[in-house]
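This report describes selected strands, helices and domains of one structure, shown below.

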Amino acid sequence: MANITKKVSWSSRGDESGAAGEETPLLNGSEQSRPLRQSLDYDNIENQLFLEEERRMSFMAFRCLEISRWVICGLIGFLTGLIACFIDIAVEQLAGLKYKLIKENIVKFTEAGGLSISLLLWAALNSFCVMFGAIIVAFFEPIAAGSGIPQIKCFLNGVKIPRVVRLKTLVVKVVGVIFSVVGGLAVGKEGPMIHSGAVLAAGVSQGRSTSLKRDFKIFEYFRRDTEKRDFVSAGAAAGVSAAFGAPVGGVLFSLEEGASFWNQMLTWRIFFASMISTFTLNFFLSIYHNKPGDLSNPGLINFGRFESEAMEYNLYEIPLFIAMGAIGGGLGAFFNFLNYWLTIFRIRYVHRPCLQVMEAMLVAAVTATVAFVMIYFSTDCQPLGPDHTEEYPLQLFCADGEYNSMATTFFNTPERSVRSLFHNPTGTYNALTLGLFTLTYFFLACWTYGLAVSAGVFIPSLLIGAAWGRLCGILLASTTSTASLWTDPGKYALIGAAAQLGGIVRMTLSLTVIMVEATGNVTYGLPIMLVLMTAKIVGDYFQEGLYDLHIKLGSVPFLHWEAPATSHWLTAREVMSSPVTCLNRIEKVGTIVDTLSNTSTNHNGFPVVVQPAKLCGLILRSQLIVLLKHKVFVELARSRLTQRKLQLKDFRDAYPRFPPIQSIHVSQDERECMMDLTEFMNPTPYTVPQDTSLPRVFKLFRALGLRHLVVVDDDNRVVGLVTRKDLARYHVGKHGLEELHLAQT
Amino acid sequence: MSLHRYELGFLLIILNIYSLGLIDAVNVTASDSAANPLQAPGYQSHGSSAVVSSPVYKPAVDSSYSINLLSSFPEDVEISEYCSELLRLFGQRYVAYVNCLIPAARPVRVCQNCSPWYNSLSEVFVNISSDQLGPGNVSCRDSILRSDRLMLVFLLYGNLDTIWEKSNCEKCVTKDFKGPNNDTLYYLTLLNQTITCFEKYKEGNHTELCKNCKNTYKELNDLYSGMEKNSTLCIDLEDSMNMTRKLWSKDFGCSYIGGETIPVIAVSSFILFLPIIFYLSSFLHSEQKKRKLIHPKRAKSHNSLMNIQDKQS
């Protein structure tokens with residue numbers, strides 16, 4: 001038992017010297033209030049109301065439900081595709097405008113002198129765009145910051161993060177990502193796309209919008225956590241599929257991130273949503289590009305086709321690829337390490353919205369400046385190609401008819417830069433340009449992730465990786481005399497991109513499929529898989545993945561795939577919270593109100609007992625609140641026989657924003673009334689004996705999506721309650737099993 | 001026998017064209033050898049065989065001579081008089097076009113010099129490939145183009161057609177392929193002015209040249225950029241502009257080089273300095289946000305765990 005070491009939370013880990021002194025007031029002096037972060041109820045509450053409703057439903061009604069599930073999935077896919085299309089077009093137009101303006105300015109001042117003014121213009125334009133994007137995020141919806149993938153991961157894992165799937169979040173996310181990409185930050189629009197898909201799914205499946213105060217009176221059956229989660233996983237899949245043109249990758253993403261609750265029918269539906277999404281994006285982009293009906297623009301990021309003969313790889317290249325995977329893992333871990341400390345600094349010191357906006361603006365200005373300086377001092381000139389693959393070729397000090405090669409990497413949206421790194425012919429970039437670019441972009445991207453802007457990390461990672469990958473290709477070609485063996489550096493750019501991305505986000509299954517689908521070449525499956533595997537192994541040795549780090553920093557009780565190893569000796573008795581507030585089956589209203597108002601009871605479920613303390617059910621806080629609101633008291637029911645009986649619909653109408661207990665008025669007389677919970681409680685809650693081991697409990701939570709697990713003794717008396725937070729504390733660290741303290745948010 | 005010679009001659013021509021088109025180094029030799037055949041003996045033999053073969057095909061037209069290796073087929077399988085006439089015409093014009101193309105390879109004058117030849121060649125090919133029946137109710141399309149696996153005529157024409165397509169010549173010549181169109185003429189005038197100016201000041205100091213020719217060069221450059229946007233360029237213009245730009249930027253060194261490095265460094269270091277100030281000031285002045293930890297409620301009977309924690313903190 002002594003091998004459990006206690007770990008202090010991050011807030012005092014920063015400066016080790018003050019750790020001991022700082023921690024005591026944090027632990028003892030803090031006032032305990034009910035945390036905002038709750039678990040989702042994935043377990044059906046099989047109370048009497050539920051059974052009655054099920055009995056009333058005809059066979060046809062069930063068929064209709066099944067059909068409407070398919071309709072919703074189709075809608076989710078369609079709308080996600082539309083949003084992706086909107087983002088793509090908006091970014092292209094706005095960025096085109098910006099680059100045209102700056103290019104004209106630079107051309108004008110190259111000859112006349114005064115390029116510092118162009119620099120200022122560029123920095124100012126970037127800052128202005130980013131300012132707008134950061135203001136809406138920092139002031140209106142802070143949850144929309146970042147890529148949104150950690151939040152969706154948490155949602156699918158079963159943690160309810162407030163406001164994460166609201167319409168307002170969606171709007172802020174979409175507008176924010178447009179401005180941050182146009183603002184020239186080292187960001188991509190793919191991560192936010194996944195979040196957007198998930199929000200859309202949550203919204204569409206409910207058939208109403210609380211923000212707009214519109215209820216379309218459809219899909220009412222789906223207003224509960226279980227159904228919503230299924231649709232959200234479909235939405236996330238549709239988002240991935242729209243972002244990368246990878247429908248199968250989308251399905252596997254949902255599988256990888258939300259895998260604990262899964263069935264085959266759901267998979268099939270999710271696949272449908274993914275397909276619809278990528279098809280919709282395809283279709284509308286083909287109209288936009290004036291080629292209606294040409295369905296070959298599958299995703300937001302299109303890696304282009306890797307089909308030429310030069311792109312073939314050989315057996316002897318596999319070890320090289322694996323070595324590149326190892327480099328990617330190391331670099332990724334370094335990236336995460338830097339970003340981790342930066343995020344801690346940001347949480348501590350840069351937490352006021354106006355500071356966050358200022359920081360984002362500064363990053364934008366610095367990004368522009370660095371890019372300009374690099375372009376200015378670069379002497380790498382390349383002749384203009386006949387087919388003009390460069391969107392905005394910048395001549396600057398190059399000879400007429402040539403363009404600055406550094407400018408193609410910086411003076412462009414990141415997606416285009418990635419594509420030109422993959423596909424531009426040999427000799428487009430020289431080694432020095434690529435090396436410098438990798439170095440600067442690495443730090444810029446690391447600095448940018450975690451700002452209060454809506455932005456993803458996929459594209460910057462791919463870009464860094466593609467740059468050093470291409471560099472590897474060029475260096476390999478220069479070391480060997482037989483140049484024909486290593487013809488195309490684009491191949492190495494692809495492998496480098498995969499390695500870097502794998503090293504940063506540490507996704508495995510879905511990332512492999514996404515990369516394979518985005519390149520449209522199945523033969524690259526094996527190298528990409530090996531590379532991602534190596535990157536993950538090497539990276540995990542040093543540091544966790546970026547998303548996991550941010551989840552940890554957000555103090556989210558996240559349950560991983562497995563219980564921590566070497567935890568079998570821990571039993572439910574040690575893990576559980578005790579004592580637990582229990583309610584009687586027929587309880588006084590006053591007691592209930594007091595229990596709910598009491599800030600020290602931070603559980604959302606209460607075991608219902610019959611004397612003497614024998615467990616007979618479990619009731620949720622939200623249910624109690626609805627009951628109180630409708631005043632379902634025994635005395636009132638007796639006096640007014642005509643009163644409408646409470647139905648499951650009443651609970652659904654209140655979902656998901658149950659009012660707080662403070663807003664419910666209970667008069668002094670009513671406090672003396674009694675409430676009968678028999679009908680509403682879950683009569684068969686899951687229970688475990690006290691000696692159940694932690695992994696066993698963990699498996700129950702993971703597989704069933706439990707929220708509360710009652711611990712009982714031999715006589716079925718309640719002794720404790722295990723929640724997700726009690727399990728998520730335990731981690732395997734360097735010194736064996738460690739206990740983490742979750743911070744309140 | 002002569003049929004074979006005939007094919008061989010074409011093949012050699014094609015080989016030549018291929019080697020010309022693909023490798024730049026050979027390219028130079030090609031134009032050189034055309035001028036002084038003695039300097040490149042290795043090439044000369046190729047060229048001469050092609051040249052020699054051309055007079056051979058006039059007699060070869062008459063199918064009755066071609067019995068050396070092949071015994072003749074019955075009348076209805078052989079190609080008709082009309083078709084063989086077309087084929088002969090095709091051959092003549094083909095040679096004429098190729099003969100025009102090769103000297104025009106460097107510097108590229110393909111469009112200005114050879115467009116009429118292409119026009120006449122394509123006219124014949126259209127005749128051959130049209131499905132309308134000629135005199136004697138025969139369609140040459142099937143007998144000439146599709147009778148065998150090799151489809152020689154089709155291949156040959158395809159090669160030249162690709163050259164034509166790639167050169168974008170139709171952008172620079174008039175509708176009837178007779179000569180350069182107005183845009184091209186205007187461009188060529190400007191080009192000539194610029195080159196004359198270059199020639200004039202070439203001797204001695206290049207700064208003089210840069211100053212005096214700047215206006216004409218700039219006008220030319222702008223015109224070219226404009227045409228580039230409209231995509232009304234053909235290979236002739238592209239090549240001539242490339243050479244002019246190279247002369248201007250590389251040989252004479254007239255491109256604007258250098259500039260005000262100091263203001264750029266000053267402005268950029270100012271901007272790069274801002275974040276440092278920002279982070280320092282927020283570190284010093286902003287109050288540190290502390291988070292409250294959730295204190296687990298544990299069973300009292302199992303406080304061994306708590307003891308460890310207490311001891312450590």
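In this predicted model, helix α28 (residues 694–704) of chain A lies across β13, β14 and β15 of chain A and runs at about 145 degrees to β14(A). Contact means heavy atoms within 4.5 Å. Helices (H or I, at least four residues) and strands (E, at least two) are DSSP runs, numbered from the N terminus. Axes are lines fitted to C-alpha atoms, for helices over the stretch in contact, and angles run from 0 to 180 degrees between N-to-C directions.

Residues are numbered from 1 along each chain as its sequence is written, and chains are lettered from A and ligands numbered from 1 in the order in which they are written. Because the model is predicted, local features need pLDDT of at least 70 and side-chain atom pairs count only at pLDDT 80 or more, while totals for chains, interfaces and linings use all residues; side-chain values use heavy atoms, with hydrogens and water left out.

The three strands form an open sheet in the order β13-β14-β15 (chain A), with mixed pairing; two strands pair if DSSP finds at least two bridges between them. At its edges are β13 (687–689) and β15 (718–723) of chain A, each pairing on one side only. Neighbouring strands of this sheet are turned by 35 degrees against each other on average, direction ignored. β13(A) runs parallel to β14 (residues 708–712) of chain A, joined to that strand by three bridges. A:Thr687 is placed opposite A:Val710 in β14(A).

| Helix pair | Angle | Axis separation |
|---|---|---|
| α5 (residues 115–140) and α13 (residues 353–377) of chain A | about 150 degrees | 8 Å |
| α9 (residues 225–244) and α10 (residues 247–257) of chain A | about 145 degrees | 7 Å |

α5(A) is therefore roughly antiparallel to α13(A), a term for angles over 145 degrees. The crossing of α5(A) and α13(A) is right-handed, meaning that the near helix is turned clockwise from the far one by less than a right angle. Their contact comprises 22 nonpolar, five polar and no charged residues. Ala, Val, Leu, Ile, Met, Phe, Trp, Tyr, Cys and Pro count as nonpolar, Asp, Glu, Lys and Arg as charged, and the others, Gly among them, as polar.

α9(A) also passes α10(A) in a right-handed crossing. The contact of α9(A) with α10(A) has six nonpolar, five polar and no charged residues.

Chain B is divided into domain 1 (79–171) and domain 2 (182–251), with bounds from an automatic or database domain assignment. Their centres, taken over C-alpha atoms, are 35 Å apart.

Key
Parallel < 35°, antiparallel > 145°, perpendicular 65-115°, else oblique.
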